[in-house]
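Good morning, colleagues. Please look at the sequence and the model on the screen while I take you through a few of their features.

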Amino acid sequence: MPPDPTEVKILDIDMPESAVHAKASESAPVVSEARLVERARSDAEAFGQLFERHYDTILNYTYRCTLNVAVAEDLTSSTFFKALRGLPKFRPHVPFSAWLYRIAVNEVRMHWRAESRRRTASAARARQGDLERTYFEQGPNECAEDDLARRQAYARLHGAVSQL
């Protein structure tokens, strides 16, 4: 029998065509997202189905924002954990995917905010280390008195800078 021209066929390049038809016939019935979200409030398996439906989308988003697979996986995991914890507060008139995406956006923002603070603190520590090396490196012809004077001058300078 010739193929039906109205039939939509999705082919997986890595699978033979016969396996595609077998895979399509084995799939479970599609449950509406709203019904699945309602079930997920009390059923971990239902939340697992939501996780499977949206994991790739959220992972792709977090990866595009960070360009780091490990960080993207952590942010995706955190997104789903927060979604699970916040499920009782979920409002059904908002699509679950939009709500989940908003959680992911906030996770990425918090990641970059924390990363910025880490970089700022790291740069400040590096500048402090440079200043200490400049003041505390003893020259070949210096005595202990010169070293003591240099340390006292550093303490005064450090105190003045701290008051700014």
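From the N terminus on, the elements of the chain run α-α-α-α-α-α, that is, 6 helices and 0 strands. Helices here are DSSP runs of H or I with at least four residues, strands are runs of E with at least two, and both are numbered from the N terminus. The model is predicted, so local features need pLDDT of at least 70 and side-chain atom pairs pLDDT 80 or more, whereas totals for chains, interfaces and linings use all residues. Residues are numbered from 1 along each chain as its sequence is written, and side-chain values use heavy atoms, without hydrogens and water.

Of the 164 residues, 23% count as buried; buried means under 20% relative accessible area, exposed over 50%, and partly exposed in between, with a 1.4 Å probe and protein chains only.

Let us turn to α4, residues 69–86. Its 18 residues reach 25 Å from first C-alpha to last, close to the expected 26 Å, which is 1.5 Å times one less than the number of residues. Which residues of α4 are buried? They are Ala72, Leu75, Thr76, Thr79, Phe80, Ala83 and Gly86. These lie on the same side of α4 because they cover an arc of only 135° around the axis, taken from the directions from the axis to the C-beta atoms. On the other side of α4, Asp74 and Arg85 are exposed.

At the start of α4, a side-chain oxygen of asparagine 68 comes to within 3.0 Å of the backbone nitrogen of alanine 70.

Finally, tyrosine 63 is found in helix α3, residues 44–66. Tyrosine 63 counts as partly exposed because its relative accessibility is 36%.

Terms used. A polar contact is a pair of N or O atoms within 3.5 Å; within protein, one must be able to donate a hydrogen and the other to accept it, and residues adjacent in sequence count only if both atoms are side-chain atoms.
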